[in-house]
Amino acid sequence: MKLNWITSLTFLCFILFTGCTNTTSENAEMDKFINDLLDRMTLEEKIGQTVLYTSGYDVITGPTVDPDYKEYLKKGMVGGIFNAVGADYTRSLQKIAVEETRLGIPLIFGYDVIHGQRTIFPIPLGESCSWDLEAMERSAKIAASEATAEGVNWIYAPMVDISRDPRWGRVAEGAGEDVYLGSLIAAARVKGFQGNSLSDNNTVVACVKHYAAYGATMAGRDYNTVDMSLNELWNTYLPPFKASLDAGCGTIMTSFNDLNGIPATGNKYLLKDILREKWNFNGFVVTDYTSINEMIPHGYARDEKHSAEIAMNAGVDMDMQGGVYMNHLKTLIEEGKVSEKDVTDAARAVLKIKYKLGLFEDPYKYCDAKREKTDILTAENKEAARDMARKSMVLLKNDKQTLPLKEDKRIALIGPLAKDQYEILGCWSAMGDRDTVPVSVYEGLVDALGDNRISYAKGCDIQSDDTSGFDEAVRVASNADFVVMVMGEFHNMSGENNSRTNLSLPGVQLDLLKAIKKTGKPVALVLMNGRPLTINWEKENMDAILEAWFPGTMGGAAIADVLTGKYNPSGKLTMTFPQNVGQIPLFYNHKNTGRPFDPNDPQFAYGSKYWDVSNEPLYPFGYGLSYTTFTYSDLTLSSKEMTKDNPLKINIKLVNGGKYDGEEIVQLYIRDLVGSVTRPVKELKGFKKVFLKAGDSENIEFILTVDDLRFYDADLNYIYEPGDFHLFVGGNSDTKIKADFTLNESGRSEKPKPIKIK
Ligand code: NOJ
């Protein structure tokens, strides 16, 4: 047979003769295997490893599907395929690579598994509101397991872009606005996807994205420009990427935006200086969809050939769907504009990941038609999705204990999303079946309460001017004791290129709410949406509001669990809800300005403020209620002074004074009062999710070390500085429970070394 058999045999010999006992020898074996392979590869074959094509089987997020991609594949010119799903389908493509190309190098199969493959979990923004790292790791693990059962071994997640502008639809895909929490979640997701070993048949290689600063896209419009200081980049936008890579993430995706005038896909500072040199990243860099070619409209490359030259010289290893590496790298090398060594290194980085996935050992290990039948949508996976969905929900309002639902009350279930099974999965739902599998809120409630207590009316569409269903909805509400309204957005109002400038409930939904309110019945509003909304009227007028996000396959059952009190809500917001769009970007950890507005000082007319709205959010970061009541008291610090060798011990008493057992997310914030660069008014530095039985109390302890006080200074040294700090503990970022301490020494980090501002 062909050389691919020799390749596989060589691989097996290495394993057999060397025993593969530790990482160093494993790496040595891998390096030897890959160097040997590279020695046998032609330049065209090396270039082939840098080429990625979509099969067009699913979601196309860009302008082109190349009809000839299979032809290129046969010629050994393709290293990976994305959007190809299914054991048989991926096997058929793999077969071409393994049996019809000269060296039989296997393909890697990528896919956007953002919150589940078949069993769909809540959108990532929703999951982040659980602040439950273990649960998020488990959700990623299940997603990986289901994806690998369908041929996928490379997942385009986690998306770790810090997101502070809810107009931007992609906030749905990330973990919200906070750097500390976002970094922990990023690492948890990577661990979940990649497990203990990439070579297991139920783990994938993760791809952290979108590098970098994509979340700061101007005006919340997708693909838009980003212009920010390096200080902000390092302190806010880079840490979740570093956390993902520290957790072992094998690949990274460039972003569409330009950053300070240089597109991320051609940005040497991001890809070489930071990623390779400072962070020692040794996986591979893939572009986002045609983002190499997009350097032309960005005004950074003259033509496709030039764009390929820029990207390769900047450090991009793989070209997603652009075709420019395939078409131009060879000529660029001949012309001396790109070095063959760089192309070889790019191919090497890709081959190493394939090796780690075990593809040289068994190229078909992820194409297992049996697992495809047994390992997806299992009862266990669905139960995990239901649990994750419950944990993700945030109770925004609950006047006079409106919720949970009381027994023997007749319930009117109203709204365009009450019986929905389609939108409930949210954006990026991979292979999630939107038509038959998801549990609607109606089904969930009927299952929990029986259908004789529930009457239903749709009332209106998600978005239209049609009010013809209002009368029926009002009639149904009038005949009930309690109304549950289920409203929100279309799933594709968030996600890629789904930005909005108006963040209220679309269509006539608010008008319907007003009509129902007039019936005088108590009303609980359940929201399904992919971003913070401006729900001022709703906040004033609803009796209860439950933010359910897009909760996924088991969403309706999970909502029923919360509404009926089977589960006591515990989620806390990870993005600020603004009062209106004009306040955006609005986030808790902003700077103070030189003229902070003090509403208690009416003389200060020139404090930073608006004419028409206060500076306050509608709901702050970290906010969320429970059916029980938590109170905090007795904040104590072990000392008023902190040093490197004397970390601070912080204690606070938490009491569950209500009638329900429940969980509280206890949050610790600091404020660094004076810095060599200005510091935010608050920064999350720790949290604990604590379960307390009704009536119980617990002493909660945090330890704060000098490392928690580090930040990047004006020269991008990672330092802590002596000075005074406020410390806050409580149930949301607006907590006023405060103590002070002083840090008496300074520290610089030797490693990583400073980077010059260019
Ligand atoms: C474009 C999106 O920006 C990215 O997140 C996604 O992974 C790729 N398309 C592939 O579908």
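Modeller: Start with burial: buried means under 20% relative accessible area, exposed over 50%, and partly exposed in between (1.4 Å probe, protein chains only). Helices (H or I, at least four residues) and strands (E, at least two) are DSSP runs, numbered from the N terminus. This is a predicted model, with residues numbered from 1 along each chain as its sequence is written. Local features need pLDDT of at least 70, side-chain atom pairs need 80 or more, totals for chains, interfaces and linings use all residues, and side-chain values use heavy atoms without hydrogens or water.

Colleague: Why is helix 9 described as largely enclosed by the rest of the structure?

Modeller: Because seven of its eight residues, in the run 230-237, are buried. These are L230, N231, L233, W234, N235, T236 and Y237.

Colleague: Where does G220 lie?

Modeller: G220 sits in the loop between strand 5 (205-211) and helix 9. G220 has a relative accessible area of 1%, so this glycine counts as buried. Setting aside neighbours within four places in sequence, G220 touches D165, R167, W168 and S499. A87 is 133 residues from G220 in sequence, and their C-alpha atoms are 38 Å apart.

Colleague: Now helix packing. How do I describe a pair?

Modeller: Two packed helices are described by the angle between their axes and the distance between the axes. Axes here are lines fitted to C-alpha atoms over the stretch in contact, and angles run from 0 to 180 degrees between N-to-C directions. Take helix 7 (residues 133-148) and helix 16 (residues 379-392): their axes come within 10 Å and cross at roughly 145°.

Colleague: Is the crossing of helix 7 and helix 16 left-handed or right-handed?

Modeller: Helix 7 passes helix 16 in a left-handed crossing. Left-handed means that the near helix is turned anticlockwise from the far one by less than a right angle; right-handed means clockwise.

Colleague: Which residues of helix 7 and helix 16 meet?

Modeller: Helix 7 brings A135, M136, R138, S139, I142 and E146. Helix 16 answers with N381, A384, D387, M388 and K391. This contact divides into five nonpolar, two polar and four charged residues. The classes are simple: Ala, Val, Leu, Ile, Met, Phe, Trp, Tyr, Cys and Pro are nonpolar, Asp, Glu, Lys and Arg charged, and the others, Gly among them, polar.

Colleague: At what angle do helix 18 and helix 19 pack?

Modeller: Helix 18 (residues 470-478) and helix 19 (residues 509-517) pack at about 35°, with axes 9 Å apart. Their crossing is right-handed. F470, A473, V474 and A477 in helix 18 meet D511, L512, A515 and I516 in helix 19. Seven of these contact residues are nonpolar, none is polar and one is charged. For the spacing within a helix, recall the turn: an α-helix has 3.6 residues a turn, so residues three or four places apart point the same way.

Colleague: Next, the backbone. Which peptide bonds are cis?

Modeller: Check omega. The bond from A157 to P158 is cis, with omega near 5°. L403 and P404 are also joined by a cis bond, with omega about 0°. P404 lies in the loop between strand 11 (394-398) and strand 12 (411-414).

Colleague: Is A157 buried or exposed?

Modeller: A157 is buried, at 2% relative accessible area. Its loop runs between strand 4 (154-155) and helix 8 (179-194). P158 belongs to the loop between strand 4 and helix 8 too. Beyond four places in sequence, A157 touches V113, I114, F193, A206, C207 and V208. I114 is 43 residues away along the chain, yet the C-alpha atoms of A157 and I114 are separated by 5.9 Å.

Colleague: What about phi of K400?

Modeller: Phi of K400 is near 45°, a positive value in a residue other than glycine. K400 lies in the loop between strand 11 and strand 12. At 82% relative accessibility, K400 counts as exposed. L377 has a positive phi as well, near 50°. L377 sits in the loop between helix 15 (369-374) and helix 16. Its relative accessibility is 26%, so L377 is partly exposed.

Technical notes:
Contact = heavy atoms within 4.5 Å.
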